[in-house]
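Visitor: Could you show me how to read a few features of a protein model? I'd like the general idea, then the real case.

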Amino acid sequence: GIVQYPFQWKDKELGSRFLGVGADGTWNCLNMTPEACCNAIKESVPNPDNQGNNIACHIFVPFGGVGNKRRSDRVFINLSPDGRVQEPPIIS
């Protein structure tokens with residue numbers, strides 16, 4: 001699918017910029033494995049940020065996907081950075 005990094009990347013060499021290869025700042029990873037998509041993203045962001053960090057991928061398997069079966073005994077609550085609930089809880 002479409003992947004987006006929603007923050008400005010404070011590139012140590014190029015300055016602050018939005019990431020992505022599309023005109024809308026996204027990467028099109030349709031029909032790619034998660035690993036291939038991650039590699040494409042990393043190749044498009046070769047420089048570390050101003051803290052010395054390189055971009056990294058967090059691959060999340062959707063609930064019900066391979067290795068993350070749907071369950072009814074857990075609840076996920078997404079919090080904003082300031083600790084507020086930002087979405088309805090998900091039973092999975």
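Visitor: Is leucine 30 buried or exposed?

Guide: Buried means under 20% relative accessible area, exposed over 50%, partly exposed in between (1.4 Å probe, protein chains only). Leucine 30 has a relative accessible area of 56%, so this residue counts as exposed. Keep in mind that this is a predicted model: local features need pLDDT of at least 70, side-chain atom pairs count only at pLDDT 80 or more, and totals for chains, interfaces and linings use all residues. Residues are numbered from 1 along each chain as its sequence is written, and side-chain values use heavy atoms, leaving out hydrogens and water.

Visitor: Where is leucine 30 found?

Guide: Look in the loop between strand 4 (26-28) and helix 1; helices (H or I, at least four residues) and strands (E, at least two) are DSSP runs, numbered from the N terminus. In sequence, leucine 30 is 29 residues from glycine 1, yet their C-alphas are 4.4 Å apart in space.

Visitor: And what does cysteine 29 touch?

Guide: Contact means heavy atoms within 4.5 Å. Leaving aside residues up to four places away in sequence, cysteine 29 touches Gly1, Val3 and Cys37.

Visitor: Which residues make up the largest nonpolar core?

Guide: In soluble globular proteins, nonpolar side chains tend to be buried together. A nonpolar core is a set of buried Ala, Val, Leu, Ile, Met, Phe, Trp, Tyr and Cys residues joined through side-chain atoms within 4.5 Å. Here the largest one has 8 residues: Trp9, Leu19, Trp27, Cys29, Cys37, Ile41, Val45 and Ile55.
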